[in-house]
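Hello,

Here is the structure I promised to pass on. Please open it first, then read my notes below with the model beside you.

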Amino acid sequence: MMRLLLASTCALALAGCVAGPPPEIATPTPVLPPEYLFAPDAASATGLADLLPADDPAYDTLAAQALASSPTLGEALARIDQARAGADLRGANRLPSVGANSTVEGRRSNPAQFGGDLPSAIAFDTEQLSYAANVTARWDPDIFGRLRAQERAALARIDAASSSARGVRNSLLAEIAASVIDWRTLDARAGAIQDDLAAAEELARLSRVREDAGIAPGFDRVRAESAADASRSRLAALESERARLIGRLVTLTAQGGAQVRSALAMSPRESGLPAAPATLPSALLANRPDVLAAAATLAAEDAELAAAARRRFPVFDLSAAIGLLAFSPGDLFDSDSIIGSLAASAAAPLLDFGRIEAEIDGAAAEKRAAFEAYRGAVYTALGDAEGAYGLVAAADREAAAAAQEAASLQRAASLAEVRQRAGLADFLTVLEARRAADASGERAAAALGRAERARVILWQALGGDTQPITRSTSQ
């Protein structure tokens, strides 16, 4: 016992030459403004989830399909399982390791190795067969906490993987919502173009009647027909956008094109534009998945730095073995065949020529990099949210102006037709009024779609779905 104590004391004394605390790296919380520049003036009861088109059955269907079978989300969930397995391994390293083994060994020796002048009465078996079975145990008591620090790092990486997966889910839902909104916007644009086409065809019919009656030149008919042709061209151009959207949704949902088209064929329920919810910039620290993932990565790097610093301390190892050793199968379970051992060891660095210091410096650099990445994620989130609030306000003003423009131009075109029938305006005035009104309804529909899309961007910028992600909540 005294020898063990002396050996431990010597090891600790040697470790004192190289042991020391890890380098201190400041990681202050980034300073955020008290409010957003483009935040809504009045408080709103709108919830964050209200910014998505959740009342659209196409979105509900496609989102459910994507959460159930998206390869991107499946990969993110696998990363969580991978991180959890790493944490289980780190935790298991802190527990004793118990094993068993058995051997059968044959040995032949040279009698001359015992000397040539032995008495003739003494003889040695030159061939020997032994049978052994052992149970072994080993444990690192982790006195200085290196294994505990490694386990903390592994647990933090689970949080990082979970937050990253949440970000993948939010991006997936946001892209599906934006695609569904774009599809509905195409429907609204197509309806507006159909109205323009119907009006242009009616003008072409009237101009043809006037031409046949000899009261108008054929140029009026040509201009009216060209307006109708322009509407047909704009209507045909929408199909390429529809094909692009279906292809994108196929990628996002991992479903076939026919299934996606069937979901988009569902009729949406009418709803207005929800007001932007009022939040504070500080909420980004708790809601944004990328910020949470960066914070968890920083915590993991901090624990890795602590583990690297603890490599300068001694490592203690306790081991024990108990077993059976016999030279005949029949003697294997005799009491004399029982053998055992108990050992304790301590190992400490004495002269490693800077290897451990280099590892500590590398871990410290990783922590500094993780902190800068965390700061970058915070200010990226702040910029995204600030820009999204401004985008919602600007898109709402654009949508209102476009709707007012369309209403005014359509009213002007209708008044021109009324005046022409009453003989107060010529056909050219009607044609010019109709040409000015053309595409105004399409522009209004596109502006409304951009306003709806801006709310999806705001939803994602503010953190999206804050529910922790698991296999049950993602499927």
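**Helix pairs**

Helices α2 and α6 are roughly antiparallel to each other, because their angle is over the cut-off of 145 degrees. The axes cross at roughly 150° and come within 8 Å. Look for α2 at residues 57-69 and α6 at residues 257-264. Please keep in mind that this is a predicted model.

Which residues meet there? On the α2 side they are A58, T61 and L62. On the α6 side they are V260, A263 and L264. By class, this contact has 5 nonpolar residues and 1 polar residue. No charged residue takes part in it.

Now go to the next pair, α8 and α9. Helix α8 covers residues 289-309, and helix α9 covers residues 355-421. Their axes lie 8 Å apart, and the packing angle is about 165°. Therefore α8 and α9 are also roughly antiparallel to each other. Their crossing is left-handed. What kinds of residues make up the contact of α8 with α9? There are 18 nonpolar, 1 polar and 7 charged residues.

**The sheet**

Next, find the strands. An open sheet is formed by 4 strands, in the order β1-β2-β3-β4. The pairing is antiparallel. Which strands stand at the edges? They are β1 (97-108) and β4 (338-347). Each of these has a single partner strand, so one side of each is left without a neighbour in the sheet. From one strand to the next, the twist averages 20°.

Take a look at β1 and its partner β2. Strand β2 spans residues 127-139. The two strands run antiparallel, and 12 bridges join them.

Last, pick out D182. It sits in helix α4, which runs over residues 146-212. Is D182 buried or exposed? Its relative accessibility is 17%, and buried means under 20%, so D182 counts as buried. What does D182 touch, once its neighbours within four places in sequence are set aside? It is in contact with L245 and R453.

**Where to start**

I would follow the order above. Begin with α2 and α6, where A58 is one of the residues in the contact. Then view α8 and α9 with their left-handed crossing. After that, trace the sheet from β1 to β4. Finish at D182 in α4.

Best wishes

Technical notes
Residues numbered from 1 in each chain as written. Predicted model: local features only at pLDDT ≥ 70, side-chain atom pairs only at ≥ 80, totals over all residues. Heavy atoms only, no water. Axes fitted to C-alpha atoms, helices over the stretch in contact; angles between N-to-C directions. Parallel < 35°, antiparallel > 145°, perpendicular 65-115°, else oblique. Left-handed = near helix turned anticlockwise from the far one by under 90°. Nonpolar A, V, L, I, M, F, W, Y, C, P; charged D, E, K, R; others polar. Pairing = 2+ DSSP bridges. Buried < 20%, exposed > 50% of the residue type's maximum accessible area, 1.4 Å probe, protein only. Contact = heavy atoms within 4.5 Å.
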